[in-house]
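Biologist: Let's go through this one by question and answer. Please bring up the sequence and the model.

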Amino acid sequence: MSVSHTPTARVGEPVATAAPAPRHWLRAGWLMTASGWSANQYSSLLGAYRAHLGLTAATTTALFAVYVLGLIPALLVGGPLADRHGRRRVARTALGLSALATCLLMAGPAVPALLWPGRFLTGVGAGTLLTAGSVWIKELSTPPHGTAPSPGAAARRSGLFLSAGFATGGLAASLIAQWAPLPMVLAYVPHLVLSAAAALSAARAPETAPPRSPHTAVAEPAAHRAPFRRLVVPVAPWVFAAPSIAFAVLPALVDGRLHGWGTVYAGIVTAVTPGAGLLVAPLARRLSARHRLAAAATGLLVTAVGLLVGALAVAHAQPVVALFAAALLGAGYGLCVAYGLTEVAALAPPHHLARLTARFWALCYLGFLAPYGVTLLTGAFAPSTILTGVAALALLALAVLLRPGARSSA
């Protein structure tokens, strides 16, 4: 009689281990980096557009705001599209649209009118990509596709990739614009290269959208509406109000002492601001572990302090102080975006995650209108006074978040 033996490992022989889970979330993450890059490459070129094309401050700031007019509707439409047609398909289509928008911006020096549709389509592409990409990365990070330690950690990953794009896109564009020939054209080339690389990287990432069936509910559940209004709405607009003021307002108000280095300084600001947002990611995790509202409350407080420091910098035309203010505003951005993505992931059921994420990003991008509001008020008030008033609004949002009704939901 033959006896079968189960192979056993001998002393000194390597023991077979399970293959590590593929990091599909990392492959898709570059889409978010490309989105952040596309948004911020223009921000650091505001001064260059005024110098090279003769655009007024009001025109360049309006072009900055037109981005939001394309982005917010795309966010609201992109969520349902990603739930219906899948995260992968919608995200990759949006990436192509973003690249097309960059091509229009590259043609802007020859035909300045193309800057308007270029900025508008940049918003459309970024908005759709933010919605589908955020949800896709979150779902690729959790079982069965990934091994993130918690849904909150998975949700925060898209914010980190986005911040990386914000930080590097503006700096790269400003350095090219400062020293390269054809600055308003070549400054946009890196985004096209990054978009092509991101598309190739994401090609191997699987679809994660839950399968739809006739029994899938079409109506949005009402269970998360009240918590979303109480816990997310007061914070979301400050996610991008803080960095957009750092990008589009502070450099122009302190560049009198920069003596020809205004474009490089603007690029440094666009790197430092989201860079600070990346650096506070570990702090955001620790604060979230202590209390549900801690990251948001700290983010709003830091934002208010950053605005007050910015007011001081503007009043005395101090670029170094303004750079410190930008770092504080970036830290506030990082804390608020980490809180918002974590909260949305906790509130939304799978079939409605994309659309609730879209609403969060839409509220966030309302903050991009802040620089235009500051510009409009400059005729009636001193810039330092306006920034002090915005700081008071941030503290008001903090008070709304911490009111008893909101705390009882936490």
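Biologist: What is the volume of the second largest cavity?

Modeller: A cavity is a set of points, on a 1 Å grid over the protein atoms alone, where a 1.4 Å probe fits but cannot get out. Points are joined across faces, edges and corners, and the volume is the space filled by probe spheres set on them. For the second largest cavity, the volume is about 70 Å³.

Biologist: Some ground rules first. This is a predicted model, where local features need pLDDT of at least 70, side-chain atom pairs count only at pLDDT 80 or more, and totals for chains, interfaces and linings use all residues. Residues are numbered from 1 along each chain as its sequence is written, and side-chain values use heavy atoms, with hydrogens and water left out. Which helices each supply at least two residues of the lining of the second largest cavity?

Modeller: Lining residues have an atom within 4 Å of a cavity point. Here they include Ser134, Lys138, Ala155, Leu341 and Thr357. Helices are DSSP runs (H or I, at least four residues), numbered from the N terminus. Those with at least two lining residues each are helix 5 (115-140), helix 6, helix 15 and helix 16 (353-365).

Biologist: How do the residues of that lining of the second largest cavity divide by class?

Modeller: Ala, Val, Leu, Ile, Met, Phe, Trp, Tyr, Cys and Pro count as nonpolar, Asp, Glu, Lys and Arg as charged, and the others, Gly among them, as polar. Lys138 is one of the lining residues. The division is 6 nonpolar, 3 polar and 1 charged.

Biologist: How much space lies in the largest cavity?

Modeller: The structure holds 2 cavities of 30 Å³ or more. Arg156, Gly159, Arg285 and Leu341 are among the residues lining the largest, and by class that lining has 6 nonpolar, 4 polar and 2 charged residues. The space is about 100 Å³.

Biologist: Why is helix 10 largely enclosed by the rest of the structure?

Modeller: Count its buried residues (buried means under 20% relative accessible area, exposed over 50%, partly exposed in between, with a 1.4 Å probe and protein chains only). Trp238, Phe240, Pro243 and Phe247 are among them. Helix 10 (residues 238-248) is largely enclosed because the buried count is 11 of the 11 residues.

Biologist: What distance separates the C-alpha atoms of Thr273 and Leu329?

Modeller: Thr273 sits in helix 12 (residues 262-279). At 0% relative accessibility, Thr273 is buried. Thr273 and Leu329 are 56 residues apart along the chain, and their C-alpha atoms are separated by 6.6 Å.

Biologist: Which residues does a cis peptide bond join?

Modeller: Check the loop between helix 5 and helix 6, where Pro144 lies. Omega is about 10° for the bond joining Pro143 and Pro144.

Biologist: Is Leu182 buried or exposed?

Modeller: Leu182 lies in the loop between helix 6 and helix 7. Its phi is positive, about 50°, although Leu182 is not a glycine. With a relative accessible area of 59%, Leu182 is exposed.

Biologist: And where is Ala317 found?

Modeller: Ala317 also has a positive phi of about 50° without being a glycine. Its relative accessibility is 25%, so Ala317 counts as partly exposed. Its place is the loop between helix 14 (294-316) and helix 15.

Key:
1 Å grid on protein atoms, 1.4 Å probe; cavity = no way out; pocket = protein on both sides within 12 Å on 5 of 7 lines; lining within 4 Å.
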